[in-house]
Amino acid sequence: MSTIVRRVVAGFGANAVGQIVQVAIQLLSFPLFLQQWDAATYGVWLMLSATPAYLTMADVGMVTTAGNRMTMVMARGDVVSANTIFQSALALVGCICVGLTLLVVPLCLWAPLPGLSNVDERVALSALSLGVLIAPFGGLTEAIFRATGRYPVAATLAAAARLGEWGGSLLGLWLIGSFSAVAICGLAVRLIGTAAAMGWAGRRSQGLRWGLRHARRVEVRAMIGPSVSFMIFPLANALSLQGVTLLVGHFFGPALVTVFSAYRTLARVTVQSTSMLSFAVWPEFSRLFGHGSAAAVRPVYLRAELLGTGFAVAVSFVLYFIGPWLLRIWTHGVIAFEPALMGLLLTYAAVGGVGHMPRTLLMATNQHIDLARWSLAGGVAVLALAFLIGSSLGLDGIGLAMLITEAGISFVCLRLVREVLRTAPLAAQGASG
């Protein structure tokens, strides 16, 4: 077994653990929360949780860009450049997150924001926002693991932190039951998990160090272009995921937000399953591009794309037939099985699986600028389509809008990757230089 295959298999295994944790959290949250809250209250919580997603743009894409470049230069043994990249990104991200904290928390607590009817909701939104603003430091921690060939460790720690944060949220739910208690307990565990991971990343870091001594403005400027493009992806995701959630709430009310969320959660098991492979291959794409080897990148990509597509289609197929049983067990019969809605959302997930691996290659090599523009257009398009047809076709219309836009984005991904691989040696030099 080659070194690349061993690393990918280890990364896949770690991602599998993470996805099992994620899927378990999504599947168990519904019945556990509904033991304490009714469907309408849970729907309000889902909308509160969706709102801070827009703060995922806080790192302005610098974390991912820096992580890719660190991996590329570390593949050539250039520890000095990797440290400069890392500490420059840390300096910028730290300034942005601290600044946003000083702005966002007072706004959540005291500004006349629509939809916030009481202090409990305001405190909860503040805590949820802080949790999102802590995430970039976890991302920089993962960048150290990726660059030093320890991605499986990072994935395992991330899964443990996610499980702990969810456990903290449940503790707040059971002990107190308010929105703010759930959010604050989850935030406390996230803080502890992030600090522990940062300390672990410093071990066997091959010269990469936390600090700001090697931060350079010129390095920040060099990463601004691809970083700003990365910033577009969280916005596009927020539009297509959280934005759609809010639109469903606007059209149909909090109770149907819960129904739609349950169906989309099941469908996105397909996406999460495919990501187990794509995230494991991500560091390998970066390393190969760091060496400028188009001949090595192409066969790895083609095999991964074939495997990822087959996996997405197979998982979606199985989920459709076991969907009625899953919904009955998961929701205790509260949510009925709707074949049309489930079929639309699972087809949307399978189509997304086709575009997952090419998207990963583009992002792992900082060749994603055109994709970012198309993704933002897709995020706007799904909201526009959902608005136009959702009122007449109901939740089926929302699912159809998601399927149409996802098909367009997957097609774009495939076309862009073909162009990148055609000019891979030149692209690799530009991405890591």
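Modeller: Happy to! Let me begin with confidence, since this is a predicted model. Over residues 425-430 the pLDDT stays under 50, and the model has six contacts beyond four places in sequence for that stretch. The protein as a whole averages a pLDDT of 86, with 96% of the residues scoring at least 70.

Now to the salt bridges, of which the count comes to seven. One of them pairs R69 with E219, whose closest N and O atoms are 2.8 Å apart. R69 sits in helix α3 (residues 62-75) and E219 in helix α8 (residues 217-252), so this pair ties together parts that are 150 residues apart in sequence. Both R69 and E219 are buried.

Another salt bridge joins the side chains of E406 and R359, at 3.7 Å from N to O. This pair also links distant parts of the chain, with E406 in helix α13 (residues 395-422) and R359 in helix α11 (residues 339-364), 47 residues apart. E406 is buried because its relative accessible area is 17%, and R359 is buried too, at 19%.

D370 and R373 meet in a salt bridge of 2.7 Å, N to O. Both belong to helix α12 (residues 369-393), where they are three residues apart, about one turn of the helix. Here D370 counts as partly exposed at 39% relative accessibility, while R373 counts as exposed at 53%.

Terms used:
Residues are numbered from 1 along each chain as its sequence is written. This is a predicted model: local features need pLDDT of at least 70, side-chain atom pairs count only at pLDDT 80 or more; totals for chains, interfaces and linings use all residues. Side-chain values use heavy atoms; hydrogens and water are left out. pLDDT is the predictor's confidence in each residue, from 0 to 100. Contact means heavy atoms within 4.5 Å. A salt bridge is a side-chain nitrogen of Lys or Arg within 4 Å of a carboxyl oxygen of Asp or Glu. Helices (H or I, at least four residues) and strands (E, at least two) are DSSP runs, numbered from the N terminus. Buried means under 20% relative accessible area, exposed over 50%, partly exposed in between (1.4 Å probe, protein chains only).
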